[in-house]
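The sequence and the structure are shown first, and the description follows.

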Amino acid sequence: MHITVAKFGGSENVLTIDIASDLSLKDLKAVIEAESDFGIKADEMSLFYEGKFLEDDSKTLAQCKLNDYDLITCQRSTLRNGSMPEATTTLRRNMDARDPRQLFEMLRSNSEMLQQIRRNSPQLVDAIQRGDFNKFMEQIAAQSPEMQQRMELDRLASLDPFDPEVQRRIHDIINMQNVQENMEHAVEHAPEVFGHVAMLYINCKVNGHVVKAFVDSGAQMTIMSKACAERCGIMRLVDRRFSGIAKGVGTQKILGRIHLAQLEIEKNYFATSLSVLEDQPMDMLLGLDMLRRHQCVLDLHKNILRIGNVVETSFLPESELPTHARLSGNTPDIDDYEFDRPADSHHESRLEQSTTSTSTSTSSSFPEDSIKHITKSGFTREQAIEELRLSNGDATKALVSLMTKSLSVPKRKR
């Protein structure tokens, strides 16, 4: 396992060591003495984890509940025989692994990291160099939405707890934190839910012309664009008595309906009706009316559309999809449409269709050095990649952002 060690109040850099979890604290101290420049002998060293003094040197790292990349701090003991050093009270208050003062002190003593941070956050560095902790916390909060929420909760806690507005605000912040935790859980355990899924298209022919048709079981009716109908030479069959307006998030003009057209799939012919839209981005959409009529099965295991247990046709790979439907392009949303009643017809047509468009959060590939620069500070590889994505590949900015997110805000005294 990896343990990150920081010297309290020193000017040395943070040290990350690789050590077995079944070794004792005494062994850990020996390794720190050998591999660090802290200048503290093993028998004079006191270790702290989450603000607590690790007193029993015979305990193993596992028994101390240390995990991979946990942060511990060390200092020179002023007393012997394993007793608590004089600075115990200060360390308990300041050296909690989630105490913002720890980050403040570590950054103050590391000029190299301050120079790296200055490129992105000069005001933050100025606050650190002046020793202004309050200004430091303001800058941290400004750069971290999570920190802003924590500070807001702390402020609200000092107000009247029975005020309905205070209760509402606290409820909103807690609810947002729950949503964020749920998303982080999804990123870790089910990252595929953030990816695009290629839409289901098949090759077919209408009046001898090749058409790429979108298969959508969520659409009530089969539709075709005016441009595609003209290309296939079937605009002459449009019954304009069924014209109207398709209403949804937007509106589209319905030119009319083709009551019967022949659809050729894998050299087999199937009858279908088509509603023709004036301005439709896709050429053709096979709706539930056609799928039900011909007892179609969407077999996603075999990646085929099965028609009447007789004909099978494969769904198209992304490379063969229309440009607007490819993952690398801008896939248009397909709104819910409802046909108005045609003015000169006793029939009412209705087209309902819903598709869910999921925004992507795909991870780009970043240099391995940038990822290691973050993981050696105690964060997981997944956290590093996600934060690099949010910071446009800036490793220093990503590291600082992760460090601020891991902090907790001290309770404000009433």
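This is a predicted model: local features need pLDDT of at least 70, side-chain atom pairs count only at pLDDT 80 or more; totals for chains, interfaces and linings use all residues.

## Helices H4 and H5

The crossing of H4 and H5 is left-handed.

From H4, the contact draws on Leu-114, Ile-117 and Arg-118. H5 contributes Pro-122, Leu-124, Val-125, Asp-126, Ile-128 and Gln-129. Sorted by class, the contact of H4 with H5 comprises six nonpolar residues, one polar residue and two charged residues.

## Helices H11 and H12

A further helix pair is formed by H11, residues 368–375, and H12, residues 381–390. The two pack at an angle of about 120°, and their axes are 9 Å apart. H11 and H12 are therefore oblique to each other. The crossing in which H11 passes H12 is right-handed.

On the H11 side, the contact is made by Glu-368, Ser-370, Ile-371, Ile-374 and Thr-375. On the H12 side, the residues are Arg-381, Ala-384, Ile-385 and Leu-388. The contact of H11 with H12 divides into five nonpolar, two polar and two charged residues.

## The sheet of S13, S14 and S15

Three strands form an open sheet in the order S13-S14-S15, and their pairing is antiparallel. From one strand to the next, the twist averages 20°.

S13 is joined to S14 by four bridges, and the two strands run antiparallel. In this pairing, Asp-299 has Ile-304 of S14 as its bridge partner. S13 and S14 also form a hairpin, with four residues between the strands. Within that turn, Asn-303 has a positive phi of about 60°.

Strand S14, residues 304–307, pairs with S15 in the antiparallel sense over four bridges. Arg-306 has Glu-312 of S15 as its bridge partner. The hairpin of S14 and S15 has three residues between the strands, and Gly-308 in its turn has a positive phi of about 60°. Both faces of S14 are covered. Ile-304 and Arg-306 are buried on one side of S14, and Leu-305 and Ile-307 are buried on the other.

Another open sheet has five strands in the order S2-S1-S5-S3-S4, with mixed pairing. Its edge strands are S2 (15–18) and S4 (52–53), each of which pairs on one side only. Strand S3, residues 45–49, is joined to S4 by two bridges, and these strands run antiparallel. Phe-48 stands opposite Phe-53 in S4.

Helix H1, residues 25–35, packs on this sheet. The helix touches strand S1 (2–7), S2, S3 and strand S5 (70–76). The direction of H1 makes about 110° with that of S3.

## Thr-251 in strand S10

Thr-251 lies in strand S10, which spans residues 251–265. Is this residue, Thr-251, buried or exposed? With a relative accessible area of 60%, Thr-251 is exposed, because the value is over the 50% limit.

Thr-251 can also be placed relative to Asp-279. The two are 28 residues apart in sequence, and their C-alpha atoms are 9.7 Å apart in space.

## The chain as a whole

The protein chain contains 13 helices and 16 strands. Of its 414 residues, 40% are buried. Among the contacts between residues at least 6 apart in sequence, 56% join residues at least 24 apart.

Methods
Residues are numbered from 1 along each chain as its sequence is written. Side-chain values use heavy atoms; hydrogens and water are left out. Axes are lines fitted to C-alpha atoms, for helices over the stretch in contact, and angles run from 0 to 180 degrees between N-to-C directions. Angles under 35 degrees count as roughly parallel, over 145 as roughly antiparallel, 65 to 115 as roughly perpendicular and the rest as oblique. A crossing is left-handed if the near helix is turned anticlockwise from the far one by less than a right angle, and right-handed if clockwise. Contact means heavy atoms within 4.5 Å. Ala, Val, Leu, Ile, Met, Phe, Trp, Tyr, Cys and Pro count as nonpolar, Asp, Glu, Lys and Arg as charged, and the others, Gly among them, as polar. Two strands pair if DSSP finds at least two bridges between them. Buried means under 20% relative accessible area, exposed over 50%, partly exposed in between (1.4 Å probe, protein chains only).
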